[in-house]
Amino acid sequence: MCLAVPGLVKNINGEDAEIDFGGVIRKVNVSLVDVEEEDYVIVHAGYAIEKLEEEDARKSLEVWEEVMEAQEKMQG
Amino acid sequence: MKPNFDQFKLRDAKKAKKILKKIEDADEKIKLMHVCGTHQDTLVKHGLDPMLKKVGVEICQGPGCPVCVTTQREIEEMITLAENGKTVAVFGDMLNVPGSEKTLLDIRSEGGDVKIVYSIDDALKMAKEKDEVVFISVGFETTIPSTANVIKNGPPSNFSILPCNRVVPPALEAIMDMGEIDLDGLIEPGHVSTIIGTEPYRSLSDRYKIPQVVAGFEPLDLLLAVWMLLKQVQEGRSEVENEYKRVVKEEGNVKAKKLMEKVFEPTDVRWRGFPNIPDSGLKLRERYGMYDARDKFSDILGPLKDREFEEPEGCSCGAVLRGVMKSNECTLFGDECTPNDPVGPCMVSREGACNIEYRYR
Ligand code: SF4
């Protein structure tokens, strides 16, 4: 039940926004987050619960690759 | 702009292999628990569960399924409301959960007004056309802010909620405190943590010296989380780390937290398979009391108070939820208990360990 999926904010109208889930557009309540149009959000049960940082998805992996590689080197 | 969701899909098989190799090389036997049906889904769907087992990592689900941990009493309350002519709005996962004799689905086929909703806002809309609408408020911290938002905005007087919400950290504490299961680390739920942040887990690490990592839901998220926990174990650390930084902030979603606090206060509540867990449930604060279906319909629900409700005979949901038993070790699994003909809620909810095991086996 805590399943939440990413979507892209299209039009904001007060508490509600139209969100693009990859072709399917749904109305979502955005009152819990501070977002602008073209932001990515994570949506659960009709509410955007957080903004998704585009860069961070890639970054989190890169960071880990670095960490793991550094460790490899240390172990020789 | 067209959305590009692929950037959030962390499924690179090569990278996964690399992390698995690291885990294998660490040569450590560890037992972990997560508390989230979506984590379980990722683990089973992508076959990570057996892969990890092979390299010494065992992971169990624990009480991470809001529908599964509801008690027979709560299910009976929902059914009783529907039987007595109220419009009952529920998330789909609740529909087929067996009460002592019937399910909400049975009541619906007998003419009861049971409606599936995707969001509390759908239930609110129904209040415009219906007589009395009761939203069955099931869910962890991920879901609770939406409920709080509707209540704060002052819904119409024919709208109420049946609070069956639970919060995660006290349940983790109960697991540690009961000491039934020897755990080396906890994988914390990413979307619960999106709301509450990483701070609420800290006391657990301090007190029980248990490593914790907040994790996302892609296969690589979980593999990284396992590896991070393994590192903590090997280095003798017991910290709260965050693997899911692209969503989870240290402080969580402050707006959502404030809203929750404004509308609800903590209360003791039972979880299926657990005794009463202090402060693990929520009740509406006094100024919002008129929206509490338990008070509003005390004439209907009152008689349930003195009754005892037995969990379904032979069902081991409780043990599964405490992590001491695997779904397929239950003697009813797959024979007498299937998603089409479920005995316990763990087979009904798509977040339940038994349901997930059955679907992907
Ligand atoms: S398989 Fe069915 S009966 Fe067994 S624990 Fe799971 S839900 Fe209960």
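Me: Is E5 of chain B buried or exposed?
Reply: Seven of the seven residues of E5(B) are buried, so the strand is largely enclosed by the rest of the structure. Buried means 20 or more other C-beta atoms within 10 Å of a residue's own; exposed means 12 or fewer, partly exposed is in between, and C-beta atoms are placed from the backbone. Strands (E, at least two residues) and helices (H or I, at least four) are DSSP runs, numbered from the N terminus.

Me: What are the ground rules for the model and the numbering?
Reply: This is a predicted model: local features need pLDDT of at least 70, side-chain atom pairs count only at pLDDT 80 or more, and totals for chains, interfaces and linings use all residues. Residues are numbered from 1 along each chain as its sequence is written, and chains are lettered from A and ligands numbered from 1 in the order in which they are written.

Me: Back to E5(B). Which residues point which way?
Reply: B:Val133, B:Phe135, B:Ser137 and B:Gly139 point one way, and B:Val134, B:Ile136 and B:Val138 the other. All are buried. In a regular strand the side chains alternate between the two faces of the sheet.

Me: Which strands pair with E5(B)?
Reply: E6(B), residues 159–165, runs parallel to E5(B), with seven bridges joining them. Strand E3 of chain B, residues 87–90, also pairs with E5(B) in the parallel sense, over three bridges. Pairing takes at least two DSSP bridges between two strands.

Me: Which residues sit opposite each other?
Reply: B:Val133 stands opposite B:Phe159 in E6(B). B:Val138 has B:Cys164 as its bridge partner in E6(B).

Me: What unit do E5(B) and E6(B) make with H7?
Reply: With helix H7 of chain B (residues 144–152), they make a right-handed β-α-β unit. Right-handed means that, with the strands pointing away from the viewer, the path from the first strand over the helix to the second runs clockwise.

Me: How many E6(B) residues are buried?
Reply: Seven of its seven. B:Phe159, B:Ile161, B:Pro163 and B:Asn165 point one way, B:Ser160, B:Leu162 and B:Cys164 the other.

Me: What does B:Ile136 touch?
Reply: Leaving aside neighbours within four places in sequence, B:Ile136 is in contact with residues including B:Val90, B:Met94, B:Leu162 and B:Cys164. Contact means C-beta atoms, placed from the backbone, within 7 Å.

Me: And the largest nonpolar core?
Reply: That core has 126 residues, and B:Val90, B:Ile136 and B:Val226 have the most contacts inside it. Helix H11 of chain B (residues 219–235) gives the most, with ten residues. Such a core is a set of buried Ala, Val, Leu, Ile, Met, Phe, Trp, Tyr and Cys residues joined through C-beta atoms within 7 Å.

Me: New topic. Where is B:Gln61?
Reply: In the loop between strand E2 (57–60) and helix H4 (72–83) of chain B.

Me: Why does B:Gln61 count as buried?
Reply: Because 28 other C-beta atoms lie within 10 Å. Beyond four places in sequence, B:Gln61 is in contact with B:His34, B:Gln40, B:Gly323 and B:Ala353.

Me: What follows H8(B)?
Reply: B:Gly179, whose phi is positive, near 60 degrees.

Me: Last one. What is the pattern of chain A?
Reply: Along the sequence, chain A reads β-β-β-β-β-α. Of its 76 residues, 37% count as buried.

Methods:
Contact = placed C-beta atoms within 7 Å.
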